[in-house]
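Below is a short report on a single protein chain. It goes through the surface, the sheet, the loops and the charged pairs in turn.

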Amino acid sequence: FAVAVEDAWVLVAGSAGWGFQMRVHSLLAHGAKAIKYFAFGPEWAFPGNCWGDDVATYASQMITAHTMAADAEALLWPGVKRRSDVAILYPRSSQVWDLWETAPPGSGRFPKGLVDGGNKYVDGETMDYFVDADFIYLSLTLGWGVDAFWIDEQSLTAEGLAPFKVVIVTEPHVPLSAQKALLAWVHERGGSVITTMGAASFDEYNTPSSVLIDGLGIQRKAG
């Protein structure tokens with residue numbers, strides 16, 4: 001588990017000294033056993049935007065965070081995070097086709113690369129489904145106290161879905177085998193699938209697919 005000192009101090013902490021500890025202790029509470037810190041830099045290359053040459057700024061915060069963690073180490077070290085019965089599918093197949101959409105064959109354009117959910121410009125390209133997933137997670141965690149569990153496409157099997165009661169799908173491209181597994185999980189195990197607009201509209205090969213949507217009885221309306 002890695003912590004960017006800039007993120008922990010500037011984006012999370014702001015002027016509040018407890019922000020750094022909040023970032024570190026959040027990782028520990030989610031099961032992290034080792035933390036690696038890194039700082040962007042050097043300062044001369046990114047003036048005012050990095051702490052690489054200013055150890056004194058965050059060193060005291062690191063000491064405080066580690067001292068607090070040490071006091072609870074007997075509980076934290078053997079602790080295992082409780083698995084939630086609510087899962088969010090982490091988008092993967094759709095990322096491949098995002099590259100194609102930004103620079104389709106014959107367009108003469110060069111792929112811009114992927115913009116992931118941690119980038120503040122995530123909604124500037126075609127990855128709105130990542131924004132959906134991120135904010136659903138935040139809403140569940142902060143608004144409802146539901147600590148949703150992230151799962152990948154490979155976990156969409158009978159065995160992988162067994163621990164969950166709800167699975168949230170936002171990505172447009174879901175492998176056909178995964179769509180069928182989700183559908184079987186709903187009908188045979190009583191699971192619930194929540195989808196956002198356009199979710200599961202294609203398979204992993206960018207071929208239109210309605211296996212999951214039709215099987216769930218979801219009606220699409222143009223608008």
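Which residues form a nonpolar patch on the surface?

## A nonpolar surface patch

The model is predicted. Its nonpolar patch consists of Phe135, Leu138 and Leu142, which together have about 350 Å² of accessible area. Leu142 is part of helix H6. With a relative accessible area of 71%, Leu142 is exposed, because the cut-off for that class is over 50%.

Helix H6 covers residues 128-144 and lies across strands E3, E4 and E5. Relative to E3 (86-89), helix H6 runs at about 160°.

## Overall content

The protein chain has 9 helices and 6 strands. Of its 223 residues, 35% are buried. The accessible surface amounts to about 13,400 Å², and carbon and sulfur atoms account for 60% of this.

Contacts can also be sorted by separation along the sequence. Taking those between residues at least 6 apart, 63% join residues at least 24 apart.

## The parallel sheet

An open sheet is built from 4 strands in the order E4-E3-E5-E6, with parallel pairing. Its edges are strand E4 (149-151) and strand E6 (192-195), each of which pairs on one side only. From one strand to the next, the twist averages 30°. In general, the strands of a sheet pair through backbone hydrogen bonds, in either a parallel or an antiparallel way.

Strands E3 and E5 run parallel and are joined by 3 bridges. Strand E5 (residues 166-169) also pairs with E6 in the parallel sense, over 4 bridges. Val166 takes part on both sides: Val166 in E5 is the bridge partner of Val86, and Val166 also stands opposite Ser192 in E6.

Pro172 lies in the loop between E5 and helix H8 (176-189). Its relative accessibility is 18%, so Pro172 counts as buried. Leaving aside residues up to four places away in sequence, Pro172 touches Ser94, Tyr129, Gly198, Ala199, Ala200, Ser201 and Phe202. Pro172 and Thr195 are 23 residues apart along the chain, and their C-alpha atoms are separated by 9.8 Å.

Ala200, one of the residues that Pro172 touches, is in the loop between E6 and helix H9 (211-216). Its phi is near 55°, a positive value in a residue other than glycine. Ala200 has 0% relative accessibility and counts as buried. The loop between E6 and H9 also holds Asn206. Asn206 is not a glycine either, yet has a positive phi of about 65°.

## Salt bridges

How many salt bridges are there? The count comes to 3. In one of them, Asp147 pairs with Lys81, and the closest N and O atoms are 3.1 Å apart. Asp147 sits in the loop between H6 and E4, while Lys81 sits in the loop between helix H4 (73-76) and E3, so this pair links distant parts of the chain, 66 residues apart. Both ends are partly exposed: Asp147 has a relative accessible area of 24%, and Lys81 has a relative accessibility of 26%.

Lys165 and Asp85 also meet through their side chains in a salt bridge, at 3.9 Å from N to O. Lys165 is in the loop between helix H7 (158-161) and E5, and Asp85 is in the loop between H4 and E3; the pair therefore ties together parts that are 80 residues apart in sequence. Lys165 is exposed at 55% relative accessibility, whereas Asp85 is partly exposed at 30%.

Arg92 forms a salt bridge with Glu153, with 3.4 Å between the closest N and O atoms. This pair again links distant parts of the chain, 61 residues apart: Arg92 is in the loop between E3 and helix H5 (93-102), and Glu153 is in the loop between E4 and H7. Is Glu153 buried or exposed? Glu153 counts as buried, because its relative accessibility is 7%. Arg92 is partly exposed, with a relative accessible area of 38%.

How values were computed:
Residues numbered from 1 in each chain as written. Predicted model: local features only at pLDDT ≥ 70, side-chain atom pairs only at ≥ 80, totals over all residues. Heavy atoms only, no water. Pairing = 2+ DSSP bridges. Helix = DSSP H or I, 4+ residues; strand = E, 2+ residues; numbered from the N terminus. Axes fitted to C-alpha atoms, helices over the stretch in contact; angles between N-to-C directions. Contact = heavy atoms within 4.5 Å. Patch = residues over 30% accessible without salt bridge, like charges linked within 9 Å, V, L, I, M, F, W, Y side chains within 5 Å. Areas by Shrake-Rupley, 256 points an atom, 1.4 Å probe, with all protein chains shown as cover. Salt bridge = Lys/Arg side-chain N within 4 Å of Asp/Glu carboxyl O. Buried < 20%, exposed > 50% of the residue type's maximum accessible area, 1.4 Å probe, protein only.
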